[in-house]
Amino acid sequence: MPIPIQKTFTYSVTEAEYEFLEKGMRVAVSFGNTKMYTGLVFGLHQTPPELYEAKEILQILDEKPIVNTLQLQHWEWLSSYYMCALGDVYRAALPSAFLLESETIVYKNQAFQNEDILNDEEFLIYEALQHQSQLTVHQIADIIQKNKVLPIINELIHKSAIYIKEEIYEQYKPKLVKYVRLHAQYNDESYLEPLLEELSRAKKQREAVLSYFQLTTSKKPIKAKDLEEHSGASSAIVKALVDKEIFEFYHVQTDRISYQGDTNELKELNEFQLQALQETKTSFLEKDVTLLQGVTSSGKTEVYTKLIQEVLDSGQQVLFLLPEIALTTQIIVRLQNYFGNQISVFHSKYSMNERVEVWNNVLENKSKAQIVLGARSSIFLPFSKLGLIVVDEEHETSYKQFEPSPRYNARDAAIVLSKMHKAKILLGSATPSLESYFNAREKKYGFVELSRRFGEIQLPSIELVDLKEKHRKREMNGHFSDVLLKQIQEALDEKEQIILFQNRRGFSPIVECKTCGNSPQCPNCDVSLTYHKFKNELRCHYCNYQRAMPNSCGACGSNQLDTKGFGTEQIELELKELFPDYNVGRMDLDTTRGKYGYQKIIGAFETREIDILVGTQMLSKGLDFDNVSLVGILNADMMLNFPDFRAHERAFQLMVQVSGRAGRSKKRGKVMIQTYNPYHQILQQVSTTDYVEMFQEQLQDRWQFHYPPYYRLIKITLKHKDYQKVDAGINWLAKALQNVFHEHVLGPSAPAVARIRNQYIKNLIIKIPPKQSLGKTKQQIAKIQNTFQAVADFRPIRFIIDVDAY
Ligand code: ADP
Ligand code: ZN
Ligand code: ZN
């Protein structure tokens, strides 16, 4: 059952049904008094349950299993390792369209017109939805014959006549590339002469038009960027031609589900890539898991493609895992250029039908789904013959799911999945997680290194700027040091682009009254509200609460309000004043939320419409721009002072990754890091890109303070709206755990933001020493959890277990 209950339930079937059913088929069943769910056949047996009477199933929903036995095995591992209900895994694994239940809410698809294709029963439901904007499956069951409702709703979804509630969030938005063409009025060639005549005074515009005609001889669509490059015209000149209605812009999406372009041959590897490929293959002879550490822009992707090709040739499937956000960018296009329609993309922002389609293609091992490119949830797809899994940017935190259960790490779950398939798995990163690198050192994983950038371009030079000194010498202009400004100006003069990194969005994180020191807080969370200047708003970054920026202090009435700290918005504003003749763009959660937001910014930066791009850590995710010569990190200190045992490792990874965006194709790039602590060991290690030194130093700390990879961590979180309840609960729990685990229990403690959405939060961490049995520890924790939840007073408290909670 897709519910948070560990055990399975027995239902009764007829003999004929018994013959027909197989593990992994779905059945509609009733549960409790009125609820209907989509259950999954987990086993067939002849033993009636002792504690309850087996109900009959309502209906069989599949003709063939939609989940295979390897998946079921993997789910059982997930449930046991991450201490969560099998039902939670089942719910997370299947696209929601597969999981209709009585509470599911159904809507009419307003765009649907094709009523002729509906049969009578389907039309009945469709019509009911014309009168009522939404119906639950339960209500629909009352309209037609009750037991048969799920297949009919399924069919309606399949025909796109209706959709279900979970799907209202934004649909996946493909990336748009800007192309240019002649305005329709010049389709007739006889207008060309007069046109060129007309432009005889605007020399540059005329050249751009002539260049356009040269480019058209290739008969391919012309990218705005290519035209600029070919003609030497600036984007302003092309834009002027568009304004004159001589050219027009149009946008083409480059990563639609079905790829229509030609495919290209794989690139030829250089000697270092070839060696890495060879070493990887050798490593795979002995080790199923291999870590590929390749510096930024070393061409890891090209190495992956060769391995992928070989696995495809052997008739096996490939899973290519990427962090969620990287999926909306360039890599899809790059891989499609090679593998065309053998690639399916699986993305949480895809529409329900698209996800169901990918699921079915993988299930049937269709040619379209030989390679699946996906974010973490794609480990749940019904692969039957996986030969290779690639985990790109394996250090990325977005592989970990924190909420809701199952709280799994997709990289680790993928390693287990690869074992079940007897497949190989390649973890790739320029800055591996400490755990993976440790495993490689311990020879648990194979290890391959790619230490040169493609094209023999050197890694960027990294310079630390001492902010304390700059302030003292009055060499700051806003948040910019004179040296950073000078570098920005130089890059702009060279027509190169710049990336500036500030890992905080908004204008400033704190508003403070100069008179009484009060600062506006979120009413739902224990955190200050962030000031967003463009909208003149205060916003909570935890629960999204927003209100207008007040004119005066809410506590004392003084109108002297001060802002403290700075975010991307402030930097963007300062830049616009400092460099009024250039285009400044901003990439953070606020600017990428809307329709096409992310793709538009990436596209505009790629086509060089944006000269300086300011952004948060979104900028570090595997982007490949060829004209960025300078990367600036405005304030490195916040990352270093974050209260988390991985803060230093993360800061290193983030800064090296962001730096890696500089100087990827032509000349050596430059990175400037502004900081109050230029002698901090992590900054020193970043400035020399010394991963090994960082690793060794961090490892010592981890050993000394009992953290992974030596100790394992299980985190228990309690949440409730009543503080007293949470407090009493956590104290009871701490005692119970200390009785068993003694000094290995850390806490109780409140997180930095101790109340979110009106829920108070308290944590306990259990550290598991190297030799202690993980299985037994989990059993003991589960037992204590049971006792805890048997106490009536504690029962309403949310109890969250997070295994490997980092
Ligand atoms: P990484 O993922 O290691 O940061 P990429 O795979 O993105 O590096 O490669 C960096 C750039 O170098 C890309 O633009 C890519 O097209 C180019 N490149 C890498 N290998 C080759 C090759 N063998 N031939 C041509 N271009 C390559
Ligand atoms: Zn005040
Ligand atoms: Zn809030």
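Select Glu435 first. Glu435 is buried, at 8% relative accessible area. Buried here means under 20% relative accessible area, exposed means over 50%, and partly exposed lies in between, using a 1.4 Å probe and protein chains only. The model is predicted: local features need pLDDT of at least 70, side-chain atom pairs count only at pLDDT 80 or more, and totals for chains, interfaces and linings use all residues. Residues are numbered from 1 along each chain as its sequence is written, chains are lettered from A and ligands numbered from 1 in the order written, and side-chain values use heavy atoms, without hydrogens and water.

**Around Glu435**

A salt bridge is a side-chain nitrogen of Lys or Arg within 4 Å of a carboxyl oxygen of Asp or Glu. Helices are DSSP runs of H or I, at least four residues long, and are numbered from the N terminus. Both Arg646 and Glu435 are buried.

Arg702 counts as buried because its relative accessibility is 2%.

**Helix 19**

Go to helix 19 (residues 568-578) and pick Glu572 and Lys576. They lie 4 residues apart, about one turn of the helix. Their side chains form a salt bridge at 3.2 Å, N to O. Buried or exposed: how does Glu572 count? At 6% relative accessibility, Glu572 is buried. Lys576, at 40%, is partly exposed.

Next, select Lys225, Glu229, Arg608 and Asp626. Salt bridges that share partners join these four into one network. The whole structure holds 39 salt bridges.

**The zinc site**

Finish at the zinc ion (ligand 3). Which residues coordinate it? Show Cys522, Cys525, Cys540 and Cys543: each donates through SG, at 2.2 to 2.4 Å. Donors are N, O and S atoms within 2.8 Å of the metal (3.2 Å for Na, K and Ca); water is not among the atoms, so sites may look incomplete. Angles among the 4 donor atoms run from 102 to 115°, and the site is tetrahedral. For four donors, that label requires all angles between 85 and 135 degrees. Along the chain, the donors follow the spacing C-x2-C-x14-C-x2-C. Cys522 and Cys525 are both buried.

Definitions and conventions: Four donors count as tetrahedral if all angles lie between 85 and 135 degrees; four count as square planar and six as octahedral if opposite donors are over 155 degrees apart and all others between 65 and 115; anything else is irregular. Helices (H or I, at least four residues) and strands (E, at least two) are DSSP runs, numbered from the N terminus.
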